[in-house]
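Please read them with the structure open.

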Amino acid sequence: MSKLIKAFLFASIICAPFAASAVTVASWGGAYTESQQKAYADTYSDPGSIVFENYNGGLGEVRAQVESGSVTWDLVDVLPGDAITGCDEGLFEDISSEIASMGVPGPDGESIAEDMENNGLEYHSGWDCCVPQIFWTYVVFYDPDAFPGEKPDSMADFFDVEKFPGKRGIHTWATGIIEKAMVADGVEPNAVPTVLEKQTGALDRAFAKLDTIKDHVVFWSSGSKPLELVKSGEVVMAIAYNGRVGAANLAEGENFEYIWEGQVLDQEYLCLTAGAPNRDAALDFMMHASSPESQAEQAKYITYGPMRASGIPIIVNGEPWGPGGVDIMPHMPNTPERLAVSIVSDPQWWSDNGAEIDERYAAWMGN
Amino acid sequence: MLLRSVDDSQINTVFPNTFEEYKKWDKEKDELPPEEVYKALFQELAYGEKVQVGRALTRMNYSKSGWKSLIKKTSRAIKKVVKKDEFPDSYKEFFIETNEKWADPTYWYAMGQMVNNQTSIYYWNAIDRTFDQELNVVQQEEDRRVYVQTWLKTLKVSIYVTLFCLILGFPVAHLLANLPLRYSNLLMIFVLLPFWTSLLVRTTAWIVMLQQKGVINGVLVWLGILSDDGRIAMVYNETGTLIAMTQILLPFMILPLYSVMRVIPKSHMRAAQNLGAKPVMAFWRVYLPQTIPGMSAGGLLVFVLAIGYFITPELVGGKDGKLIGSWIAYHLKTTLNWGLTAALGAILLGFMLIFYWLYNKIVGIDNIKLG
């Protein structure tokens with residue numbers, strides 16, 4: 001018996017350090033987490049110490065963990081609005097000084113913050129607790145076979161059911177669509193966030209534009225759906241996450257076309273949970289994951305673009321960077337030409353107004 | 001968790017003086033609150049703990065969109081002033097100079113919703129009502145009214161699904177209970193196999209069956225019953241929700257019905273007919289009353305499950321797919337408005353209790369039987 005206890009104690013001594021040092025990262029799962037595993041964890045000095053866990057977004061679980069004092073997620077992969085709220089509420093730890101001192105600088109010594117500003121981003125309080133990951137976008141795509149003649153190439157075409165008959169696939173929440181409707185209504189893509197913030201009645205304009213396609217819409221709520229809808233011919237065009245379309249084109253031999261005009265870029269962050277059990281190890285991993293090299297590396301596995309400007313030249317100079325020796329830049333959302341016709345979603349504005357607009361959008365949808 | 005639906009104490013610990021001064025504001029007389037309110041807010045923002053203020057901001061934004069960045073911008077300006085030790089002469093002017101929104105009384109009116117430790121606002125929000133500046137209950141702005149219609153839709157869908165399950169489940173359960181064992185076992189497997197299959201798989205299968213270019217439409221067009229342009233929209237609308245939910249919840253109706261029907265002696269029906277009842281009458285007067293415990297158990301089970309359902313409706317419901325469960329999940333995870341989450345949950349629980357009470361009045365709770 002005492003032998004058994006000894007063996008047990010021994011085993012627990014051996015196992016304990018492993019168990020304690022495993023950094024748990026909550027992320028979205030699927031191809032996206034796989035790309036993080038390959039680009040961040042596999043290239044890390046101690047790949048075995050990083051464990052990914054799936055979650056469905058939002059801060060509900062994080063708040064429950066922090067408030068109950070039993071934190072199991074060290075790092076959480078979040079949208080910018082959640083980065084802001086989580087940092088303001090103290091669900092994520094303020095590590096601004098650590099990010100400044102430990103962050104991997106760019107080739108010209110840029111700090112992480114400067115590097116993001118070079119990419120056209122503006123400071124928000126999420127930057128105090130989180131490091132940048134990737135740009136992903138809401139983009140419209142279609143199967144060219146569905147349009148034997150002229151092909152749609154603008155937001156105006158997406159909202160024009162006379163010129164391009166057929167159903168459209170759009171999602172069941174407001175982010176991204178509102179901006180696209182503004183572009184279709186004639187607002188310069190780059191000006192959309194300012195118009196939404198400053199102009200009274202801008203939202204009414206967007207909803208009036210949405211009314212014009214309401215009877216020609218199929219709503220989707222999970223990311224794989226728009227691809228199924230377009231593939232099965234249920235709709236002729238759909239809004240989707242660009243990474244899903246990229247994967248279909250690169251890995252499944254599809255030939256979807258994008259409408260880059262009016263794409264809505266959104267950000268993605270990795271944040272440190274307040275009271276994380278493996279805080280220091282997690283911090284070290286964050287710095288590795290946010291280096292320009294890691295961000296560029298991720299583009300090998302998924303078509304989401306680096307949020308740090310200095311990540312892009314690494315990809316451009318490294319072409320062919322994509323899987324099986326294809327050039328990846330043609331599939332990326334943040335090339336200069338595409339950025340010129342894009343909207344960078346304003347997380348602070350959405351954080352302020354998102355709940356109200358989502359309610360209005362749902363009311364619009366249900367009536 | 002239920003307490004959160006009425007609790008508003010967190011913000012009151014962050015802005016106690018501001019709220020105290022706020023209560024003295026005579027809205028009839030002055031358009032904007034008096035100088036003391038601005039001064040108290042200045043001090044509480046300047047010396048308040050960052051995280052506590054942050055949590056209060058999330059709360060404030062529920063009462064009016066825009067509070068969050070307004071306070072954050074103002075806080076930054078205040079911190080600068082405090083650092084330089086250059087306190088303004090008029091706090092009111094300082095605030096309005098920092099951001100003109102401070103001269104907009106609607107922000108101040110919205111603050112009135114929060115000045116007490118207890119609040120009923122979340123319950124009012126959950127039925128599309130809100131407070132005006134005098135804290136009277138008024139209708140929410142028209143284009144934001146979404147909860148009442150969702151409640152009604154949720155109830156409608158749950159009742160329909162329960163009825164359809166009963167209509168479809170009754171004959172199946174009857175067959176299961178009365179066939180010879182070797183046939184009924186096979187049939188039972190047909191009931192149980194889908195029951196054990198993943199919800200998502202079954203939902204996706206229904207999409208494949210029902211969509212416009214799907215199996216059913218395809219067959220109907222091939223047979224010439226439908227024209228190619230006349231394909232029926234059976235999914236991404238309420239029809240799809242009803243079909244998929246009914247199929248998914250059907251076993252919860254069949255199984256309790258079956259276990260009750262199995263023990264009804266066959267001799268009862270024969271005895272009734274021997275005594276001169278026609279088959280329909282014998283069924284109506286003798287068989288059906290004995291199945292009530294099973295119908296009630298199945299009905300309650302299906303109804304309870306249906307009223308909180310949200311994954312299947314979201315996937316197959318399209319524009320009609322947002323039931324109240326979706327909103328609860330949305331506020332729990334996305335807006336972090338746990339007060340509203342708790343209020344929605346409490347109302348849902350209330351519905352259940354009312355139905356339970358009605359059921360007890362009409363059928364009697366002793367009449368429920370799972371086997």
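1. In chain B, helix α3(B) meets helix α6(B) through B:E35, B:Y38, B:K39 and B:F42 on the α3(B) side, and through B:Y91, B:K92 and B:F95 on the α6(B) side. Sorted by class, the residues of this contact are four nonpolar and three charged, with no polar ones. Bear in mind here and below that this is a predicted model.

2. How do the axes of these two helices cross? Helix α3 of chain B covers residues 35-47 and helix α6 of chain B covers residues 91-98; their axes come within 8 Å and cross at roughly 65°. Angles of 65 to 115 degrees count as roughly perpendicular, and α3(B) and α6(B) are therefore described as roughly perpendicular to each other.

3. Turning to the interface, 31 residues of chain B are in contact with 29 residues of chain A. On the side of chain B that touches chain A, at least two residues each come from α4 (50-63), α5 (67-84), α16 (311-316) and α17 (324-335) of chain B. Which helix gives the most to this side? That is α4(B), with six residues. By class, this side of chain B holds 13 polar, eleven charged and seven nonpolar residues.

4. Chain A as a whole contains 17 helices and ten strands. Its C-alpha atoms fill a box of roughly 80 × 50 × 45 Å along the principal axes. For 367 residues, a compact globule would have a radius of gyration near 21 Å, and the 22 Å of chain A agrees with that.

5. Of the 367 residues of chain A, 52% count as buried. Among contacts in chain A between residues at least 6 apart in sequence, 76% join residues at least 24 apart.

6. Helix α15 of chain A, residues 311-318, has A:G311, A:I312 and A:I315 buried. Seen down the axis of α15(A), the buried residues fall within an arc of 100°, so they line one face of the helix. An α-helix has 3.6 residues a turn, so residues three or four places apart point the same way. What do the buried residues of α15(A) pack against? Their partners are α14 (292-298) and β9 (305-306) of chain A.

7. A cis peptide bond runs from A:E319 to A:P320, with omega near -5°. A:P320 is placed in the loop between α15 and α16 (336-340) of chain A. Please look at this bond when you go through the backbone of chain A.

8. Two leucines of chain B deserve a look for their backbone angles. B:L135, which is not a glycine, has a positive phi of about 65°. B:L135 sits in the loop between β1 (129-131) and β2 (137-139) of chain B. Is B:L135 buried or partly exposed? It has 15 C-beta neighbours inside 10 Å and therefore counts as partly exposed, since a residue is buried only if 20 or more other C-beta atoms lie within 10 Å of its own.

9. The other leucine is B:L336, where phi is near 60°, again a positive value in a residue other than glycine. B:L336 lies in the loop between α17 and α18 (338-362) of chain B. With 26 C-beta neighbours inside 10 Å, B:L336 counts as buried.

Key: Residues are numbered from 1 along each chain as its sequence is written. Chains are lettered from A and ligands numbered from 1 in the order in which they are written. This is a predicted model: local features need pLDDT of at least 70, side-chain atom pairs count only at pLDDT 80 or more; totals for chains, interfaces and linings use all residues. Axes are lines fitted to C-alpha atoms, for helices over the stretch in contact, and angles run from 0 to 180 degrees between N-to-C directions. Helices (H or I, at least four residues) and strands (E, at least two) are DSSP runs, numbered from the N terminus. Angles under 35 degrees count as roughly parallel, over 145 as roughly antiparallel, 65 to 115 as roughly perpendicular and the rest as oblique. Two residues are in contact if their C-beta atoms, placed from the backbone, lie within 7 Å. Ala, Val, Leu, Ile, Met, Phe, Trp, Tyr, Cys and Pro count as nonpolar, Asp, Glu, Lys and Arg as charged, and the others, Gly among them, as polar. The radius of gyration is taken over C-alpha atoms; the globule rule is 2.2 Å times the number of residues to the power 0.38. A residue is buried if 20 or more other C-beta atoms lie within 10 Å of its own, exposed if 12 or fewer, and partly exposed in between; C-beta atoms are placed from the backbone. The arc is that of the directions from the helix axis to the C-beta atoms.
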